[in-house]
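Please open the model in a viewer and keep the selection panel at hand.

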Amino acid sequence: MNSKLHWENIYKTKEIDGVSWYQETPTDSLDLIKRFSNNKKDKIIDIGCGKGFLVDNLINSNYQNITLVDISANALEEVKTRVKNENVNYIESNVLDFSLNSKFDIWHDRAVFHFITDKKGIEKYISLCNKYIHKDGVLIIGAFAEDGPLKCSGLEIKRYSIKNLETLFSKNFELVEGFKMSHKTPFDTQQKFTFCVFRKTY
Ligand SMILES: C[S@@+](CC[C@H](N)C(=O)[O-])C[C@H]1O[C@@H](n2cnc3c(N)ncnc32)[C@H](O)[C@@H]1O
C-alpha cells in the first residue's frame, strides 16, 4: 500500500483519539513555538499536521499566518471544518513533493520526518528545510528517540538521538535546544521522543 492510501485509510477508520500520536493539547510543540516566535505574524508551517490540535492552539494564541501540510486529504478536511479560519493555508501533499512560493519563520514537524527512512528522502527533506526556512528561522523536529518505538502507525521509522539530528542538519542549522520526552499514548503506553530546535544559520 502506498503512503497516501495508508494515511487516508488510517484517518477514515480510526477515531481522532484512536491513534498513538493523539494529544489533547500538544504542550511541547506549542511551548516551543511560543518561545521561539515572538511575532504573531510569523509564518509557521506544520508538516504532517494530521488532525492534531496544534493549529487550534496557535489560532487561540493569535498566530495569523499558519500553513498546514499533510499527505491525507481526509485529515486536512476535518481540520478545516473544525477550525473555520480563513487565514490558515492547507496543502495536501507528500512533503517530499511539495513546492511553495514562500519561506517560513517556523517549521514544525512532530512524528513525520521519522517516517522517511531512505537516504535520498532524508537528503530531500533537509534540502527543503534549507530552501523554505528563512535565515535565522527556526526548525522544530520531534521524532522517535533512539530508545523509542521501532514502528509508528504500523510503518517502519528511523529513531534519532539529539546528536543524530544535530549531525544530519549541521550544514545549515545550529542546534539551539534538544531534549527527550515521553509521550503517553491514549492506550496508556509511553513513547520516547527526541525534540530538537535548530536555527538556520545562512
Ligand atoms: C504520526 S502522525 C503525526 C501527526 C501530527 N504531526 C501530530 O503530532 O499529531 C503523521 C502524520 O504525517 C502525515 N504524513 C506522513 N507522511 C507524510 C509525508 N510524506 N508528507 C506529508 N505528510 C505525511 C500523516 O498523514 C499523518 O497525519
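Begin with the largest pocket, which holds about 840 Å³ of space (on a 1 Å grid over the protein atoms alone, a pocket is an open set of points where a 1.4 Å probe fits, with protein on both sides within 12 Å along at least five of seven lines; lining residues have an atom within 4 Å of a point; the volume is the space filled by probe spheres set on the points). Select Gly-48, Asp-70, Ala-111, Val-112 and Phe-115: of the 44 lining residues, these are the closest to the centre of the largest pocket. This is a predicted model, in which local features need pLDDT of at least 70 and side-chain atom pairs pLDDT 80 or more, whereas totals for linings use all residues. Residues are numbered from 1 along each chain, and side-chain values use heavy atoms, without hydrogens or water.

Next, colour α1 (3–13), β1 (44–47), α3 (54–60), β2 (66–70), β4 (104–110) and β7 (155–156), each of which gives two or more residues to the lining. The largest share, four residues, comes from α1.

Now display the ligand, which sits in the largest pocket (more than half of its atoms lie within 2 Å of the grid points). Around the ligand are 16 residues, of which Tyr-11, Gly-48, Asp-70, Val-95 and Arg-110 come nearest (a heavy atom within 4 Å).

Which polar contacts (N or O pairs within 3.5 Å) can be shown at Tyr-11 and Arg-110? An oxygen atom of the ligand lies 2.5 Å from a side-chain N or O atom of Tyr-11, and a ligand oxygen lies 2.6 Å from one of Arg-110.

Methods: Polar contact = N/O pair within 3.5 Å; in protein donor to acceptor, adjacent residues only side chain to side chain.
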